[in-house]
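I opened this notebook to record what I looked up on charged side chains and their partners.

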Amino acid sequence: MITTKLKTYKHVLLVFSFLLLASCKTYLAPSYNQEIITKSTAATTSTFQYFAAIAGGTNKESFTTRKNTYNTLIGQFETLKLLAKARPIPSNKTTQRINNLLAERNSPTSSSDYPSAFAFNRIVENLVKMKEKDQASGLNPIVIQAFKGEIEIFLDQAITYESFLKR
């Protein structure tokens, strides 16, 4: 009789433990946000259309015709940076251990910014620099290609990271 009760308790405890462990989740990354993907796709299209329009070069005398485009693009990527940063950063023992290991190896940790927020910020910095250079002296095609290449790298990083979150 006692052994039957003991077996029943063991089975109940085993089932309860299994259900408890099955409901545990560890979040290592933020949740997917379709709005970020949609807005980054639109901003990317606008940016590449702008690069195509000025591919032959610009001069400082016609800067006022391009000023609004710069401001629009900068505003779009500032918004994306805010949307990316607005999501809570997961904090648990697993992410702390991963960050400690990364810090020991002098690698960037995920404790401060998401990769996409960092990339959107770098795009804004490049657009501001490009706007200042365009206003001061205009842009030749080689300088435009240099800005385009750097912005393209950060766009790729941001879109890849955000797309990866959709699993």
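**Salt bridges**

I counted 6 salt bridges in the structure, a salt bridge being a side-chain nitrogen of Lys or Arg within 4 Å of a carboxyl oxygen of Asp or Glu. I note that the model is predicted, that local features need pLDDT of at least 70 and side-chain atom pairs pLDDT 80 or more, and that totals for chains, interfaces and linings use all residues. Residues are numbered from 1 along each chain as its sequence is written, and side-chain values use heavy atoms, without hydrogens and water.

I looked up Asp 134 and found a salt bridge with Arg 66, with the closest N and O atoms 2.7 Å apart. Asp 134 lies in helix α5 (residues 115-137) and Arg 66 in helix α3, so the pair ties together parts 68 residues apart in sequence; helices are DSSP runs of H or I with at least four residues, numbered from the N terminus. Asp 134 is buried at 0% relative accessible area, and Arg 66 is buried at 8% (buried is under 20%, exposed over 50%, partly exposed in between, with a 1.4 Å probe and protein chains only).

I then examined Glu 150, which forms a salt bridge with Arg 122 at 3.3 Å between the closest N and O atoms. Glu 150 belongs to helix α6 (residues 141-164) and Arg 122 to helix α5, so this pair ties together parts 28 residues apart in sequence. Salt bridges with shared partners join Arg 122, Glu 125 and Glu 150 into one network.

I also recorded Glu 35, whose salt bridge with Lys 39 has its closest N and O atoms 4.0 Å apart.

Key
Helices (H or I, at least four residues) and strands (E, at least two) are DSSP runs, numbered from the N terminus.
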